[in-house]
Amino acid sequence: MTTEIYKFMKVSDLIKDKTLVNKISKHISTIYGANLTSKELDDCQNKVISLLAQIPRKIHQIKEKWSENTVVLITYADSVTHPENKPLSTLEEFLDDYCRNIISIVHILPFFPSSSDDGFAVIDYYNVDNNYGDWNNIKDISEKFSVMSDIVINHGSSKSEWFKNFLCGEGKGSNYFLSFDKSFDTSEIIRPRTNKLLQKFKTNNGEKYLWCTFSKDQIDYNFSNPDILYEFIEILTYHINQNITVFRFDAVAFLWKKIGTKCINLAETHELIRLFRTILEYLCTKSILVTETNTPARENVSYFGNANEAQWIYNFSLPPILLYTILSGNSSHIEKLTMSMPPSQLGTSYLNFIASHDGIGLRPAEDFLTSEEIKLLIELMHKNGGKVSYRTNHKGEDSPYEVNISLMDAVNQTFHDTDNLQLNRFICIHAIMMSLEGVPAFYIHSLLGTENDYELYNQTKQNRSLNRHTYDKKSIYEDLTSEGTVANIIHKSISNLLFIRKKQRAFHPNAVQFTLHLGKDLYGIWRQSLDKKQSIFCISNITNKTKEFSLIDINLIGFDSWFDLITGDIIDDLSSSLKLKPYQTVWITNS
């Protein structure tokens, strides 16, 4: 339990907080110094301070924002439905019945009114889509779980009132969007899609070319204009008042545009994140800022900043590399990944996941897989029933961007064999993910073993629909309570691993991690708690054959008592060997 104190501040009192004011002033000067006059910079700073003073701060008395108990569930508002209830109400029931003791944070994907992209073309941040429910449903869920929501900060819907006002040339939003009078060469700009970047619209002020990173329905905001900054500060404060504490900044890497650059990961983008971090920490001491930057590992890690930007960053390299590892039966790539990832500083953490509402990104794999290996992975994913989405690269060519497939189908057939060990592979990669440094996040379909939804794909013709199935509550409850069904086996297996994991201090997201070298058939890491009292050796057989390894190779300390957390088996002879069944994992600990 946390103690929550609400505290109002007057503008005059807030200005006396010199540390806060100086930080905000520095952020604003860094972002806008080249574009605004000194007076305009002062006005911008004063406006931000005024906005912050309008709502009460939420001050929580907490020891730490996350721990080994922190586990995230990713779900759409309507992933589980019932004909007699609004989806958010049904979701709350599902969370209460099947996630209460294993999940601490629920990431509800965009639940606002939207016009496309399954919610990521937001029309109105101040309302919940009536088809899902209302803010009371969000608050009800927040009584039992922390809630993460999406701030789709790069772009907004072409159906929004803001954009309608832009087309008219007056009213709120009329200056929010990035537009040009003429088209120009955009070939050097990094893109996640194949559609044209500049889309033509008719406005009351003539034809304009709008910057559309993702689609013609998703118009990029113009953050060089501080008015859109003020708007998002108001959005954040409004959501804090709705009991949201974790904020996922979607597509944030593309936020700032500067002609003549690749328009990704620019310095102004990083400074904007620092500013939002400062604001969120002031408004709600429990808040967590998460950046979604589906980029190669080196670029992705930069969003930690100097522990002053994102508190969490998605470990985007993990899904493709862990998938390739389990399908090839070769640990060399995952070893390279975990050896190259710098430890997160205290106050920051990786957010580990294998599956999500999006596809399995291929750009983050470029640092670890060769082009031939990526090609082989794509071919296998096609065999397993998946699709591939593309982006346009700097040469104007279509380049693979992500694999679209349910995780259950992705581990069906390996590079070498067709066997009956699909479930074992599925559970194994989740056991590995749970053991890694960072906070584990599970897509709802990873708890249920969902397969590709070809019916939805045929309706939408969107590749991502393959992995966005919606369950009827009655049918999924029947599967979860019926012994031997895929959903029952997977939910029980993952839940059991999470029950164990949540009790181990060595699984704290910031606990020490070292990669072991046990040969290509095994993957192992050593985790050590922050107080140095607990060690866990996490070792997985990533092949479909029984494998053996010597305990001497992991150098267990002789005067400690060791046992496997998963099976409970005690290890009496530290010089003996252990046999691991196909895709078996052991968590060997001294306490």
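How many nonpolar, polar and charged residues are in the lining of the second largest cavity? I looked and found seven nonpolar, six polar and three charged. I class Ala, Val, Leu, Ile, Met, Phe, Trp, Tyr, Cys and Pro as nonpolar, Asp, Glu, Lys and Arg as charged, and the others, Gly among them, as polar.

**Ground rules**

I am working on a predicted model, where local features need pLDDT of at least 70, side-chain atom pairs count only at pLDDT 80 or more, and totals for chains, interfaces and linings use all residues. I number residues from 1 along each chain as its sequence is written, and side-chain values use heavy atoms, with hydrogens and water left out.

**Cavities**

I worked on a 1 Å grid over the protein atoms alone; a cavity is a set of points where a 1.4 Å probe fits but cannot get out, a pocket is an open set with protein on both sides within 12 Å along at least five of seven lines, and lining residues have an atom within 4 Å of a point. Grid points are joined across faces, edges and corners, and a volume is the space filled by probe spheres set on the points. I get six cavities of 30 Å³ or more.

The largest cavity holds about 240 Å³. I list 24 lining residues, with Arg193, Phe214, Ala251, Glu292 and Tyr401 closest to its centre. Its lining has eight nonpolar, six polar and ten charged residues.

The second largest cavity has about 130 Å³. It has 16 lining residues, and Phe316, Phe353, Ser356, Asp358 and Gly359 lie nearest its centre.

**Second largest pocket**

I read a volume of about 710 Å³ here. Of 29 lining residues, Asp117, Asp118, Gln462, Arg464 and Arg468 are the closest to the centre. β17 (387–392), β18 (398–404) and α16 (454–460) each give two or more residues to the lining. I define helices (H or I, at least four residues) and strands (E, at least two) as DSSP runs, numbered from the N terminus. α16 has the largest share, three residues. By class, the lining splits into seven nonpolar, 14 polar and eight charged.

**Helix α10**

I checked burial next: buried is under 20% relative accessible area, exposed over 50%, partly exposed in between (1.4 Å probe, protein chains only). Eleven of the eleven residues of α10 are buried. The cover over them includes α11, β15 (349–352), β16 (360–361), α12 (371–383), α13 (407–410) and α14 (422–435). Gly329 follows α10 and has a positive phi, near 65°.

How do α10 and α11 pack, and at what angle? I find α10 (318–328) and α11 (332–340) at about 150°, axes 8 Å apart. The two are therefore roughly antiparallel. Angles under 35 degrees count as roughly parallel, over 145 as roughly antiparallel, 65 to 115 as roughly perpendicular and the rest as oblique. Axes are lines fitted to C-alpha atoms, for helices over the stretch in contact, and angles run from 0 to 180 degrees between N-to-C directions.

Leu318, Ile321, Leu322, Tyr324 and Thr325 of α10 touch His333, Ile334 and Leu337 of α11, where contact means heavy atoms within 4.5 Å. I count six nonpolar, two polar and no charged residues there.

**Two single residues**

Is Ser142 buried or exposed? I find Ser142 buried, at 17% relative accessible area. Ser142 sits in α5 (135–142). Beyond neighbours within four places in sequence, Ser142 is in contact with Val147 and Asn243.

Gly396 is in the loop between β17 and β18. Gly396 is exposed, at 52%. From Gly396 to Gln584 I read 45 Å, C-alpha to C-alpha, across 188 residues in sequence.
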